[in-house]
Structure formats: C-alpha cells, structure tokens
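Here are my notes for you to read with the model open beside you. Take the points in order and find each spot as you go.

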Amino acid sequence: MSDQNDLTLRAEQEERLRAVWKPPEGLFLRWTDVNNNRVGVWYTLTAFGFMLFAGVLALIMRTQLAVPENDLVSANTFNQLFTLHGSMMMFLFAVPMFEAVSIILLPQLLGARDLPFPRLSAFGYWSFLLGGVFVGGSIFFNAAPDGGWFMYPPLTTRTDLSGLGADIWMLGLSFIEVSSVAAAVELIVGVLKCRPPGMRLNLMPLYAWYILVVAVMILFAFPPLIAGDLLFEMERLLGWPFFDAAKGGDPLLWQHLFWIFGHPEVYIVFLPSIALFAMLIPTFAQRHLLGYPWIVLAAVGTAFLSFGLWVHHMFATGLPKISLAFFSAASEAVAIPTGIQVFAFIATLWAGRVIWSTPLLYAVGSIAIFTIGGLTGVMVAIAPFDWQAHDTYFVVAHLHYVLIGGTLLPLFGGLYYYWPLITGKKLSDRIGRIAFWVMFAGANLAFFPMHLSGLEGMPRRVFTYPAELGIGGLNMASTVGAYLFATGVLMVCIDLALSPTRPKGVRNPWNAGTLEWLAKPEDENWGIRSVPLIESRYPIWDQKDFVAKVDEGRFFLPDAEEMKRETIVTTVLDARPLQVVRLGTPSFIPMATAVALGSVFILTTYHLYWWSLAGAFVTLGCVLTWLWTGTAIIPEKPEKSIGHGIVVPLYISGPSASGWWAMFITMLADATAFSGLVFGYYFYWTVHPDFPPPDATGPGVFWPMVAMGTQLASWAATVVAREVHARGQVLAARSLLIVGIVLTLASLLAGLAGPWFTGLNPSEHVYPAIVWVLAIWTAAHAGVGVICQGYTLARSIAGRMTPRYDADLRNITVFMHFLALTAVVTYATIGLFPGASS
C-alpha cells in the first residue's frame, strides 16, 4: 500500500511539473514562449538556415571562378556575394549556432530546469532573427554590403564609394552583436550559478567549461567591434573623420578594433566544437576523458593567447619589427594549448574501447582537417611568409580548413550525437557516414588546391582571372569540390527531413555518462524529474542507482508546489544551494523589445532619425516594463524546502544573486567597448605626432572636472543609499537617490558643456571628433544612470523594494560603479591630457 501511495504521489508531482512547463497554445502564444529548450531549437534551426543560404552564395562564387574570364555574375554582384557569405558564416552561423546549441544543452548538462534568464534568451533569438533577415535579405535588392566581411575604410566609410550596403552591414550586424552579448551573459550566469548541488568547478562537464570560457571571450572580443562600429557609422552619417587620414584620422584604427574581435572570433567558434568532442569522445571510448585539468587549462590558455594574435592580420601594413616579432611568436604559441586538447582526445581513444559510431567519425575527420589548417596557420604566422601569401587564396584555404575542421564538421558530429536527446530519434547511420565521406572528400578537393593557386599568385576577392595565369585547372577542382561538399550537406538535410518518420528510440542510446542523457524520449520540456546531487564527472556511470533516484524524485526540487517555474541557484565554487529562483514565464515583451530595438538600427540605416528616436523611446518603455513586471518580484513566502531537510530563500540580492552577476557581466562588456574608444584616443596620440594639433582648442579643464566631481558625488550618494536602505532607513535612502539623480544630470550636462562651449567642430579634425565621442558616450551612460536611479526610487515608493528585498538598489549600484570609472577615465583624458586646455 505504501508503494502504491508513493507511485500516486510521484504521478501527481509529475503532472504538476507538466502543467507548469506546458507550452502555450496558439501560434502567437508560441512566439511568446521563453522556455530555453524550445527557444534553443528555433535558434539552432534559424542559424542552420542562414548557413545553408550562405553556402548557396559560396556555390555561385565558385561557379563564377570555375573557368577563366567567366561572366556569370558582375564584379559588383561578386563583391556582394563574398561579403555576405563571410559575414553570414561568421556572424549569423558560427557564433549564434554555438549559443543556440548551448541554450539547449546547458540546462540539461547542469541538471537545471532552465537557464536563469529565459526571457533574455528569447530576446537574443528575436534580435538575431530580425538582424539576420535584414542583412541577408539585402542581396535580393542589390543593396548587400560589398566591402568584404572586414569592411576596411576608407573604401567603406566614403559614401561616394560605397552605397547603402555598408550601413546595412554595420548597423544590422551591430544589432546582432547585441544578441550575442545577451546570450553570453545568460550562459556565464547559467554555468556559474545554476549548477546542481555538489557540482564543484572541478566536476563540471567539459562542455560547460568550454562554454564559460567562450562566453567570457565574447565579453572582451565583441565590444571593441561595437566601438569600431560606432566610429564607423559616425564617419559615414555625420562626416566625423576617424579613419580619414586627410583630417588626422587613421584607417589602421579600424583594423585594430576589428581584428581585436576578429581573431578571438576564430577561437570563439572553434572551442565550442572542441567542447562537443569532449562530450562524445568519452562516450565512444567508454571511459573518463584523460587529462581533465590540463584540458581546462589549455582552453583557458587558448582564450588568453587568442587576444594577443590580432596583429598577425596586419603584418603587411608596415608595423615596427618588434611588433612583428611579438605577434608572430604569439601566433605560433597558440598551437601549444590547442595541441594539448587534441592529444588528450587521441589519448582517451587510445586508452578506451572505441565504438566507431557516426558522431565519432565526424569528430576524427574534423580533427584531421583542422590539423592541416593549423599547420598552415603556423606558416602564415611567420611574417616573411605572410608577406608572400597575404591576400591570396592561400589564406582562403587556411581559413576554410580551420573553420570546416574546427566548426562545421564537429557541429555535424554533434548533430548526430545529440539528435536523440532533442527528438528521441536517431538519425540514419548509413546516410550520415556517406555524407561524412562526401563532405570530407569535397572539403579537401575544394580547398587544398587553393593553397597552390594562392602560391601561384591568385589574389582573394577577384571575380575573374586571365587564362594566362595557368590556374584554371586548380579553380575547376575547387569548384567541383565545393559542389561535392554541398552534396554531403544536402544528404544531412535529407536525413533530418526523414527523421519525423522514424520511431522513438531508447533512452541514452549511446550509454553516455553525463547528465543530459537523463532525459527520456517522451519527456516534457521541464527536463529531469528532480535536480540531482553530483559526486562525479560522469554520474550516470559512477553513482549507484543514479538514474533511478532522479526518476523517482529522490533528489532536490521534485515538485511544483506553488505552480511556478523554478530552478536552484548555487554558489560559484562549490555549488551549495543558495536560492530557489522563479523563472520568467511566456511573454511578448522580449519579442517586442527586440522589434523596437531593431527599428532603431534599421531606421538609422535609412537616415530616418526622428523615427529611430521614437523607436528608442519605445525600446526604453519595453525594457522598463520587462524589468518592472518580470524581475525582483517579492515572493509570497520568504523560503522554501527543496528536500532532504534543506530550506533556502526564494529571494536573495547582492553578489550571491544571479541578477547581480548579470549586471556585473553586462558592465564588463560595456567597459570593454568603452576601452575601445579610449584606445582610439591614445592610438591617435601614439601614432601621430600632431595629435592634438598645435592649434587645437580642447574642452578645457573646468567643465570636465565639474562633470567628474558631480558624477563621483552621485556614485557616493547611491552607495550610501544602499547602505542606509539596508539598515531600514528608507526615507533617507530615497532622499539620497533624489540627490543622486540631480548630480548625475548635472554631470551629464557638464560633460557636454566642455566641448560645446569651446566650439569643438568634430567634422574638421579627428581630435575634436574623438573628444566628442568620449563625452557623448559618458553622457549617454549618465542618462542611463538617471533612469536607473529613478526606476529604483519608483520601485521603493511603489512598495516593490524593501530593506529585505533590495535587489534593484544593489544592482544599479554595480552600474554606478562602472559609470564612475567611465567618468574618471573620460574626463581625465579629455580634460587633463595635453591639448585639453582651451
């Protein structure tokens, strides 16, 4: 009788969980869903679709280059094709695909019901979709960008030399970069704060380690490009001469800002693929992965070194020899941590009982192709050879060997490995193996001859070539290989299309040892039955009766007592339970916010500035509504039992809370973008002896110092408000917030007053232009600070923030820390640096 009652109780608990996580009905309601599993699936399918579209563009290019002096497409169309192909593969496939896959896998790998900010994931998806359609669709209107995926000035910044496509590229991809940073915030907080109890950092699945490393890389790689985008568009739209050498600018600044992003980008898309290897190789070797700590250190080392390589893209620009030597050595050194990871995988296979499955076939084949790309990468890291091969098809061959071996084939391997997890159905081993060999042969036939054609002197980005060059046969071979590779991709698409007709498979068909395989083919989207206690890196293999205990709800949080979406927040280092966090529910707000923000970028592209400003106000309204209704909600009770005698609060604030971490991580990204602008100021000063010009009139000392002082006073008022509010002195805290608002407004006005009253004309020379940019950036952040302080004050007055429930105040204090730092750097630079005095 007791067993029967136990089974009835479990059935009731599972029914409650189903009711909580059931997807909303109706097409529009499904669009508003924020469940990370479903958002991740749509994210993945959209990125895959963009990849197929970019692949079609590549086939048109290869058809044009198959024979000498071909006239299939014009030079202008060819420029649009290769620009859009590269941009879509890098910005709309490689990075979004890893983020999409991670949104699906991480909650299951971590035994969490969801990531901590599911609405943020939904916002990122809608931003990615809108931006991708805007950029990719431009080619159908003959308006696609045509300056290369790197968009070097001055060709692209001069509106008489480049059309609307440059604005579409710059503003569209800037919008997409917002979604990438949003996803990075979600993934970092998810890995650090949503691990199951007991999963210390040294017990995390390697996939989680890799995603943590890559997401941190995004925080420091993407923002400099956003800073460069800002300068780029201000030159195009307003005529501010950041890259115009005739007015003191320098086009090399764009190259620095772009490649500070562009080379870490290669590893941002490579490391998640290695992460897939780290999951499937132990499964098919049927043993623990060898060298776990060394692999983690190697991943961190790869990330660190990747930020010291960007100048090897600029060896032909006339850099000093010391710079060439340093960056050449760094470019060669990055092969060491990469080699450690590859050899650890090989050693694991060597020591295990290998099962030669289709996913493992893709993994081994991709390592072989990537190794060839890595060897040619060491070659171009040597400056004299780079001078010879620079901007030839040798570099095209190197890049595609790295990306196909390090990104594309591993993703296909992960697709065959994880498809049963997503759908409960295996893909066809026969079709998958045939597709692999077709793609393997096609990739080598397409890109190996490019090494030879490059050494023969064929430059990149040319739409035709003379027969006398003697490389027609090599180009024909590359074209045949490209179509062969596309045939393999088509076979995979057919395999996916046939998947719905196949029966459901068994649970954990590969006999893997990690948490994601706890999912059953018939499971609902709420994931596993209960959040487990982790004692091993491969708990399914190592912990006794582990699967049965999870299924029976014998671990943590097995019920949905209050009918809310919930998961457990734990400590960063040792994963001790801290809180049960309430997750976001289905809402149209993320979609509306993405549409409103997208309108700002898109309308600016067409110079509809007043409409763009209106879109900005709508975006602000959406964000405030999102925050007011969906974050820092005071719960109906202070704490909750999660089982086994453990009671945790339903609300926490400060450094233990996931919201605080999200704010801190977001501000790191913001500070990195700001550092790109400051880098630009000191770059001009370092490179050009006449910066500032001898006759320059600076913003003076008085107004910048007033702006700095008032901003620091506002920061102090906010910090004190936080402290007195925590002691229950609510009226004093509100008064201090009002004082802070006044001081921040004063800082905003004083920061703009310096360049305004001294008559700095930003269109005359780069010095006043960069001064104005720094002042506007800081003033804009001061405006955000006013909104943050006012929002917190309103929350307090409305009773949505109390001394016990004070996450809003603690979170905006983090913003004010960074705002104060920004103000000090900006106003010290423009007010105290040589040339600042009027």
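1. Asp-160 is exposed, at 55% relative accessibility, while Arg-158 comes out as partly exposed at 42%. Keep in mind as you look around that this is a predicted model.

2. Now try another pair, Asp-33 and Arg-565. Their closest N and O atoms are 3.8 Å apart, and the two make a salt bridge. Is Asp-33 buried or exposed? Asp-33 has a relative accessibility of 7%, and the cut-off for buried is under 20%, so Asp-33 counts as buried. Arg-565 is buried too, at 5%.

3. What does that pair tie together? Asp-33 sits in the loop between helix 2 (27-31) and helix 3 (36-64), and Arg-565 in the loop between helix 18 (546-551) and strand 1 (566-570), so the bridge ties together parts 532 residues apart in sequence.

4. Next, look at Arg-582 and Glu-636, whose side chains meet in a salt bridge at 3.1 Å, N to O. Arg-582 belongs to strand 2 (residues 577-582) and Glu-636 to the loop between helix 20 and strand 3 (639-643), so this pair links distant parts of the chain, 54 residues apart. Both belong to one network of salt bridges with shared partners, which also takes in Glu-561, Glu-562, Glu-566, Lys-637 and Lys-640. As for Arg-582, its 24% relative accessibility makes it partly exposed.

5. How many salt bridges does the structure hold? The count is 21. Between domain 1 and domain 2, though, the count is 0.

6. On to those domains. The domain assignment gives domain 1 as 37-273 + 521-652 and domain 2 as 679-832. The contact takes 27 residues from domain 1 and 31 residues from domain 2. Together the two domains bury about 2,400 Å², with 71% of that on carbon and sulfur atoms. On the domain 1 side, Trp-240, Trp-628 and Tyr-651 supply 28% of the area buried against domain 2, more than any other three residues. The domain centres, taken over C-alpha atoms, are 28 Å apart.

7. Last, the surface. Which helix gives the most to the nonpolar patch? Helix 20 (residues 609-630) does, with 7 residues. The patch covers about 730 Å², and its members include Phe-617, Leu-624 and Ile-787. Trp-610, another member, is found in helix 20 and is exposed, with a relative accessible area of 73%.

Notes
Residues are numbered from 1 along each chain as its sequence is written. This is a predicted model: local features need pLDDT of at least 70, side-chain atom pairs count only at pLDDT 80 or more; totals for chains, interfaces and linings use all residues. Side-chain values use heavy atoms; hydrogens and water are left out. Patches are made of residues with over 30% relative accessible area and no salt bridge: like charges are joined within 9 Å, nonpolar side chains (Val, Leu, Ile, Met, Phe, Trp, Tyr) within 5 Å. Accessible areas come from the Shrake-Rupley method with a 1.4 Å probe; for residues, only the protein chains shown count as cover. A salt bridge is a side-chain nitrogen of Lys or Arg within 4 Å of a carboxyl oxygen of Asp or Glu. Helices (H or I, at least four residues) and strands (E, at least two) are DSSP runs, numbered from the N terminus. Buried means under 20% relative accessible area, exposed over 50%, partly exposed in between (1.4 Å probe, protein chains only). Domain bounds come from an automatic or database domain assignment. Contact means heavy atoms within 4.5 Å. Buried area is the accessible area (1.4 Å probe) that two parts lose on being put together, summed over both.
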